[in-house]
Amino acid sequence: MGNETSTARVDFKNLDESTVTAIRQTLKAGQLKELPASWNILPVEAKQKCSSQLKNPQGTIDESKYLGFAARHIGISAEDHVRFLCILIGKEPPVQIKDMKMALTQLFTALCNTYKCDGFSKETLLAHSEALSLSILHDSIYGTEKRKNTFRKEGDMNKELQNDELEKVVYENQLIEYAINQVLCSAYSIKSKIVPKSKMPASDSFLSPLQLLFLNHNIPHKYKDIWRPIFSTRKDGESFSKLAGLIINRGPTVLIVKDNEGNIFGGYNTQSWKIGPNFFGSSDSFLFHLEPVMNIYESTPFNQNYQYFNMKQKTMPNGLGQGGQLEYFGYWVDSEFGRVVTSPSCTTYFSPQLGAQEGKISDLEIWGVGEEPEDIDGGSASVLNMDPELQAVMEMMGKTFHSKAIREVDDKENEDED
């Protein structure tokens, strides 16, 4: 793998004139022996490998090579992005999966450095970079095996990937394209006009930037740009009544749980939460893992038990869950708030056990994605009529309700309320 050619005419295919001028301005100070400080977002080893591609025989940064490197690798070409990853690896294809994992880990570590990561140690961010890299390489490692079956399973990291297999990995995982563009644009101190930088979808989350980006890249495109905070134990306390009052009829949501054993998991739900004795939702919903691995578990044709939400019932489970069947949900947030239960497996999404079988909630947050539905009040009245505490919470929020739907409170509770 040779250096960028310094004498050849540079093709600025992905760079406009103002961008080329800005890059040249960086080198105006004179002959640079090292890359500008903006390249320090890359791990030392990765920065050194990039630097070796950009120097002339005199040991200084060559302007033509520097511009050519940007023109070639900033963009949407899977071929060029594979080449950039191979530069980080230090060899041409075929490359071993373990080397590809190393390159992706360096890339995502650099991506973290383009975001504000207060509260996360370098070790944690490195672990998340490795987890995301392994998630992206899953099919290369395990073939057609389902993620449920490979959970905590060691794979063959010495398997070699040919160039077409590497291009397939890049093509099927847009996070790689996004990361390369953002890292290089940050290194060159320019703005990407091809793949604009995403803002953190949820600025006040207990998740790391990579965990948030992983989730955001897996929800439908039309919802990616807007994450609305709906409920958080850190802000709203540990009250199921308040949670219930805040989530009804709020559109598609992402629910994230961290249990007392450090597992982080949850689900993307396509439909607004609503009270009732039956499952609802659609096949576009999914479960996910963020700790100890990063995985998406898509729905199966086995059943349609996507979402469930009920309270104040004598003969039905009271709480909120997703997948599985009554009493055996993929995950279950009990109405006795603080208790979270996960089943050993979930047929609705073909997922492994997501967390502790009988766990305690350490953190829980729910985000609405996409635009807020116009009629937030719709369908909420039945819950309010069943639970005075919830009604008080919602009235404090300045909401009024008109529906007189399902009333399934036992007579004794009605007498107590009177």
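Student: Which residues in α11 are buried?

Tutor: Buried means under 20% relative accessible area. In this predicted model, the buried residues of α11 are P209, L210, Q211, L212, L213, F214, L215 and N216. That is 8 of the 8 residues in the helix, which spans 209-216 and is mostly covered.

Student: What percentage of the residues of the protein chain count as buried?

Tutor: Of its 418 residues, 53% count as buried. The chain holds 16 helices and 14 strands, and its accessible surface comes to about 19,600 Å², with 46% belonging to carbon and sulfur atoms.

Student: Let's turn to strands. How do I read the pairing of β9 with β10?

Tutor: In a regular strand, side chains alternate between the two faces of the sheet. Here, β9 and β10 (residues 328-334) run antiparallel and are joined by 6 bridges. L320 stands opposite V333 in β10. The two strands form a hairpin with 2 residues between them, and E327 in the turn has a positive phi of about 75°.

Student: Which residue of β9 is the bridge partner of Y308?

Tutor: The partner of Y308 is G321. Strand β8 (residues 308-310) pairs with β9 in the antiparallel sense over 3 bridges. As for cover, 6 of the 7 residues of β9 (319-325) are buried.

Student: Where does pLDDT stay under 50?

Tutor: Where pLDDT is low, the predicted coordinates should not be read in detail. In this chain, pLDDT stays under 50 over residues 378-386 and also over residues 396-417. The chain average is 87, and 84% of the residues score at least 70.

Methods. Residues are numbered from 1 along each chain as its sequence is written. This is a predicted model: local features need pLDDT of at least 70, side-chain atom pairs count only at pLDDT 80 or more; totals for chains, interfaces and linings use all residues. Side-chain values use heavy atoms; hydrogens and water are left out. Buried means under 20% relative accessible area, exposed over 50%, partly exposed in between (1.4 Å probe, protein chains only). Helices (H or I, at least four residues) and strands (E, at least two) are DSSP runs, numbered from the N terminus. Accessible areas come from the Shrake-Rupley method with a 1.4 Å probe; for residues, only the protein chains shown count as cover. pLDDT is the predictor's confidence in each residue, from 0 to 100. Contact means heavy atoms within 4.5 Å. Two strands pair if DSSP finds at least two bridges between them.
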